[in-house]
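Here is a brisk report on the ligand site and the pockets of one model. Keep the structure open while reading.

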Amino acid sequence: MCGIVGFVGREEAAPILLEGLRQMEYRGYDSAGIAVRSPEKGLQVKKSKGRLQALADLTHNGTDVSGCLGIGHTRWATHGEPNDINAHPHVSENGAIALVHNGIIENYLEIKEQLARQGVSFASDTDTEVVAQLLEFHYNECGSMLEAVGRVLRRIEGSYAFGIICSDYPNALIAARKDSPLILGYGENGNFIASDVTAIIKHTRDVAYMNDGEIAVLTENSIDVFDSEMTPLEKEHSFIEWDVTAAEKCGYPHFMFKEILEQPEAVRKTISPRIRDGRIVLDDISLTAEYAENISHIYMIACGSAFYAGSVAKYVWEQLLRRPVEVVLASEFRYSDPLVDENTLVIAISQSGETLDTMAALREAKRLGGRTLAVCNVVGSSIAREADDVLYTWAGPEIAVATSKGYSTQLAALDLIGLYLADLLGSVSREEYDEILTELQVLPEKMQQYLEHYEETQYYASLYFNHDSIFFIGRNLDFAMGLEGSLKLKEISYIHSEAYASGELKHGTISLIEPGTLVVALGTHGPLFDKAMSNVVEVKARGATVLAVTTEGFREKMEKTADAVIAVPETHRLLQPSLGIVPLQLFAYYVALQRGCDIDKPRNLAKSVTVE
Ligand code: G6P
């Protein structure tokens with residue numbers, strides 16, 4: 001979704017802003033803009049609907065816009081259609097203040113009406129412009145920009161990350177945040193703000209994460225941070241471990257393809273450091289055996305693919321822990337008056353750590369007294385910082401909107417935590433613990449093994465890419481894995497697709513099967529393989545074309561019935577989805593490729609959903 005970058009320093013700002021916005025394109029956007037201030041030209045604002053290239057063309061790659069202080073924004077429309085006027089930055093009526101904003105101002109209409117009564121006129125339909133106008137109003141009243149920002153923050157409700165510049169302050173950039181991420185970057189030739197570290201990683205890896213309620217004033221040599229009472233704060237610096245190549249395509253046709261291939265390494269990085277001398281060591285989390293004993297209920301809350309990772313983990317944890325685990329969509333959990341008390345463990349799963357619904361659900365769980373544990377990929381993200389504990393997935397930056405390595409590392413992290421808790425509780429035998437742990441450690445190799453021979457998946461995608469509707473069926477862990485396989489396909493290829501628990505076929509779904517319907521039958525879960533076979537026979541009898549995904553051991557049997565078979569290496573039955581999902585990701589990828597879709601930036605979707 002929306003992206004912010006800002007710079008103040010000893011270099012031209014416009015090229016830095018354009019490059020920063022380019023690095024955030026993956027998040028999804030529909031318009032972009034920059035505002036740059038120079039002593040000679042004053043405040044210059046350029047905005048354009050559509051791709052960033054349009055803005056680059058408009059400004060001749062930034063050369064038309066001079067000055068060493070500026071802010072930039074990619075917008076994903078919420079209030080007002082995507083057009084040049086609604087694009088950010090928004091400028092106050094007298095043209096002196098420019099502002100970029102991520103988030104939503106909930107009481108903007110009320111403020112807009114109040115300002116309109118005082119004669120202020122508005123150019124756009126956005127909630128953001130209202131903040132720019134309100135800022136001018138307070139600035140005129142009090143004469144201090146910082147004070148005016150403070151007054152505005154006390155008046156507005158909602159979520160925000162702001163970058164603000166003002167003609168009267170030629171050397172300062174002001175930033176503020178609440179419920180929307182904002183990072184401060186300490187550079188050699190100046191200082192930065194960004195909503196996403198990828199925007200500034202080329203310039204600095206020395207960053208600090210702003211907290212809710214904080215205001216920062218950046219100059220070329222300093223960054224001063226204040227709390228909401230304007231008391232100065234000392235910020236703790238963090239060092240970004242990964243380098244810029246991690247967020248670049250490096251010759252691959254798409255980020256999604258690169259990220260699918262990076263899965264073995266990402267899973268290895270997530271698992272290996274946490275296994276020592278044949279035991280799982282989770283230094284990062286502080287759950288004790290005593291606490292584990294008292295857990296009466298476990299919730300997993302998440303959105304999108306993270307929810308589907310939780311759906312797999314539910315089966316795994318219930319097997320291992322023998323405790324009830326409920327997976328709830330974060331957007332439902334937050335409004336469902338959930339049954340949470342101090343004996344409830346709530347696992348929030350989020351690659352970005354910024355998904356608004358997951359964040360809100362986490363806060364609700366904390367408010368009710370539950371113990372929270374986040375599984376996140378982005379260090380310092382809001383969800384990671386607010387949860388009682390966090391276990392990071394070390395997937396590195398994920399750029400493609402449709403997740404692959406983010407999901408795989410979530411599965412691996414959840415397997416680790418589940419097995420760790422089962423060990424604390426004594427609910428898993430020593431033999432099974434050792435067996436699962438050994439298999440966890442060789443998962444990356446087995447993933448790699450499949451990835452070296454994925455051509456058959458590519459071939460089947462070329463056979464089946466022109467279906468209008470594709471069904472995924474499976475039982476138990478295969479069903480949970482099918483949910484993600486089906487989501488992948490619809491996200492990037494725009495083919496209608498649904499995943500069903502095979503046992504439900506007879507209760508209605510089978511009426512949708514007609515001659516030629518493509519069914520992706522999942523039969524990787526050993527204990528239920530025979531039942532999976534029966535379901536294949538069932539849909540075949542109604543004329544379906546069946547593409548089956550199974551394990552090497554079952555390939556031969558499956559080939560007797562299905563039209564096409566893809567086989568993955570075998571592992572412990574509870575870990576099998578980590579291998580089974582890979583061909584489903586690649587199938588979606590190649591189908592989308594055949595259909596000429598914009599794989600890394602599918603229509604209408606955003607990487608990090610920071611609005612409700
Ligand atoms: C968006 C992304 C999905 C992701 C979901 C949850 O819909 O496109 O790939 O699974 O958000 O995101 P999170 O960052 O919380 O895992």
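Which helix gives the most to the lining of the largest pocket? In this predicted model, helix 7 does, with three residues. Helix 7 spans 263–271.

**Largest pocket.** About 880 Å³ of space lies in the largest pocket. Two elements give two or more residues to its lining: strand 15 (238–239) and helix 7. The lining counts 42 residues. Nearest the centre of the largest pocket lie W242, N377, V378, G396 and P397. By class, the lining holds 16 nonpolar, twelve polar and 14 charged residues.

**Ligand site.** The ligand takes up the second largest pocket. There are 15 residues around the ligand. Of these, S305, S350, Q351, S352 and T355 come nearest. The shell splits into five nonpolar, eight polar and two charged residues. Helix 9 (residues 304–321) gives the most to this shell, with three residues.

How much of the ligand's accessible area does the protein cover? On its own, the ligand has 390 Å² of accessible area, and the protein covers 91% of that.

Methods:
Residues numbered from 1 in each chain as written. Predicted model: local features only at pLDDT ≥ 70, side-chain atom pairs only at ≥ 80, totals over all residues. Heavy atoms only, no water. Near = heavy atom within 4 Å. Areas by Shrake-Rupley, 256 points an atom, 1.4 Å probe, with all protein chains shown as cover. 1 Å grid on protein atoms, 1.4 Å probe; cavity = no way out; pocket = protein on both sides within 12 Å on 5 of 7 lines; lining within 4 Å. Sits in = over half its atoms within 2 Å of the grid points. Helix = DSSP H or I, 4+ residues; strand = E, 2+ residues; numbered from the N terminus. Nonpolar A, V, L, I, M, F, W, Y, C, P; charged D, E, K, R; others polar. Points joined across faces, edges and corners; volume = space filled by probe spheres on them.
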